[in-house]
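Please consult the sequence and the model as each topic is read.

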Amino acid sequence: MNTAFYTGASGLMAFQTKMNEIGNNIANVNTNGYRPVKTAFSDLLYSEMYIKSAQLLTGHGVKAAYSGIDASQGTPAAAQGEFNLAIVGKGWFAVDTGSETLYTRDGSFSIDISGSNAYLVNQNGYYVLDNEGKKISAEIGTASPTVDSEKLTGKVGVFDFAYPEALTPAASNCYRANDLTGAAGVSAEGKYKILSGYLEQSGVSLPDEMTDLIVAQRGYALSARVVQTADEIEQTVNSLRT
């Protein structure tokens, strides 16, 4: 196989990855607190050409080297529900799934009553955590099972990372910390504020995603053409040999 074939094939894989992520972003254009995924490309290995000068190199295509999230602030929008919260500034809510701690910007919370306690949970039933990493709860009266929302929402913890763009997307609109993000720490006062009765909208810009999709599709088509041309050249060379 010649270099052109490998170059085209690597382009197909890289642009397919890009289009898959764009499709996922578009599907979450209305998901509260969703952070769009962005793909970075890098060159593949270079090798010396078969000439006297060792400084002239030929490349072997491109790869989707890194996918990170856009951690910039989304637009807060008024939302009905006394337990809805939106972070303005840097920071993430922490939730306990039962097996691990995940992080999210989606503050669409509600309560789960267990015995005489009401726990603050997200839409998937994950427990929302305070700044100490503990479940947020409040006692409810036996005569009237009502809960003062401020007793729960006022305890919500906000956490931040050294590199939040490296958070790994997990299920249920949540994100997982990793070695690149650094350990989660309590966000410093002044870096954020919490709005009650609001939800942060998705960070997806539909016009930007459609523009990126057109670019990715053209890159994919060009890579496919390179593969086709390389194959045709190989067939021509083989026919000449016979």
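The lining of the largest pocket comprises 3 nonpolar, 4 polar and 4 charged residues; Ala, Val, Leu, Ile, Met, Phe, Trp, Tyr, Cys and Pro count as nonpolar, Asp, Glu, Lys and Arg as charged, and the others, Gly among them, as polar. The model is predicted: local features need pLDDT of at least 70 and side-chain atom pairs count only at pLDDT 80 or more, while totals for chains, interfaces and linings use all residues. Residues are numbered from 1 along each chain as its sequence is written, and side-chain values use heavy atoms, with hydrogens and water left out.

**Salt bridges**

- The structure holds 5 salt bridges (a side-chain nitrogen of Lys or Arg within 4 Å of a carboxyl oxygen of Asp or Glu).
- Arginine 105 and glutamate 200 form a salt bridge with an N to O distance of 2.8 Å.
- Both arginine 105 and glutamate 200 are buried (under 20% relative accessible area with a 1.4 Å probe, protein chains only; exposed is over 50%, and partly exposed is in between).
- Shared partners join Arg35, Arg105 and Glu200 into one network of salt bridges.
- Arginine 35 meets glutamate 200 at 3.2 Å, N to O.
- Lysine 38 pairs with glutamate 209 in a salt bridge, the closest N and O atoms being 3.1 Å apart.

**Accessibility**

- Lysine 38 is partly exposed because its relative accessible area is 31%.
- Glutamate 209, at 2% relative accessibility, counts as buried.
- Aspartate 179 has a relative accessible area of 81% and is therefore exposed.
- The C-alpha atoms of aspartate 179 and leucine 167 are separated by 9.4 Å.
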